[in-house]
Amino acid sequence: MEAEAAKLVGAGLAAIGAGMAAIGVGNVFGSFLESALRNPGAADGQQGRLFIGFAAAELLGLLAFVVAMILIFVA
Amino acid sequence: MAAEQGKVDPMKQFQIEPLFGSANWELAGFNIAFTNSALWMAITVILLWTFVAGGMKRELVPGRWQMAVESFTGFIDDMLEANVGKEGRKYVSYIFSLFMFILFANLLGLLPIGVLGLHPFTFTSHFTVTGVLAVISFSIVLVVGFWKHGIKFFTLFVPHGTPAAMVLPIALIEFFSFMIRPFSLALRLFVAMMAGHVLLKVLSSFVIDGLNAGVGTSLMVAIPSFALMIAISALEILVAGIQAYVFALLTSLYINDAEHLH
């Protein structure tokens, strides 16, 4: 395989990571909503933790995007 | 470069250009050209200053403007109270400046002033800018930590009740997770902003190429892409707010570590 083609294939494969991060972020908000509906009184106090979880899950998806960008524009 | 085929280059919006013929300004051997990035930072600061100054009237019965500013300061105050405790009050000025600066920068970068022929520039989509912000936050954590706890600050790397056999590996992991913080902080904001703007430009190239290619592609490609673009723009406004909030929230959590250790 040519090097240029391999780079683009690699960048495409990195998009899988973005999809995985989508599952992760969906999980974070889904679980929050599920438990928030069971105990709405405690939900507001957990908003900080919700966004920490969201940030951690999202960062890994963004890393996948960085990998794709590096493969296309830098490598 | 992969972007040569399309008419819209999604990376062109991130180009830094010197303005007003300042390309050759130098100070002690360094180029200090007044770039579009600097221009938008100046605009952000002026707008932010105007916004806050307009609400600093300290009236007993606040008007709308003062109410808007106070709801932001109250929001940051509550966040620090919840995450750091009463020692958090002294960081309100820093976290407030940080949050509002990033929020205004993100939102200004999304302004649709391209239709007027101007080019909005999102300086938070540059790693240098977010990197400096993250390093400032990280230095505050280090300075506060060592100032308050001295050499005991290193106990941050060993949580309470760690079994003796596990001290070394846990200290190593905690040390790395501590040192990686400024990078993850800066990378998150920079990539989130950049990804959104690239996505918008890619969709805009679909719209333009679709319209140019004929009636069929106009209906099948350009119009759905345009609808998606509007939806993504709304999502980007949400992301602009969330990323500013996450940056401020994580900074306050790190400050909590420095104030209270584990």
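Tutor: Let us begin with residues 6–29 of chain A, a span that is 100% helix and 0% strand, with its end C-alpha atoms 36 Å apart. Helices here are DSSP runs of H or I with at least four residues, strands are runs of E with at least two, and both are numbered from the N terminus. This is a predicted model, in which local features need pLDDT of at least 70 and side-chain atom pairs count only at pLDDT 80 or more, while totals for chains, interfaces and linings use all residues. Residues are numbered from 1 along each chain as its sequence is written, and chains are lettered from A and ligands numbered from 1 in the order in which they are written.

UniProt, in an unreviewed entry, places a "transmembrane region" at residues 6–29 and at residues 50–74 of chain A; such annotations may be inferred rather than shown by experiment, and the positions follow the numbering used here, with feature names shortened. Residues 50–74 of chain A are likewise 100% helix and 0% strand, and their end C-alpha atoms lie 35 Å apart.

As for confidence, pLDDT is the predictor's confidence in each residue, from 0 to 100. Chain A has a mean of 88, and 100% of its residues reach 70 or more. Within chain A, the highest mean, 91, belongs to helix 1 (residues 3–38), and the lowest, 85, to helix 3 (residues 47–74).

Chain A also touches chain B: the contact takes 10 residues from chain A and 13 residues from chain B, where contact requires C-beta atoms, placed from the backbone, within 7 Å. Helix 3 of chain A supplies nine residues, the largest share of the side of chain A that touches chain B.

Methods. Two residues are in contact if their C-beta atoms, placed from the backbone, lie within 7 Å.
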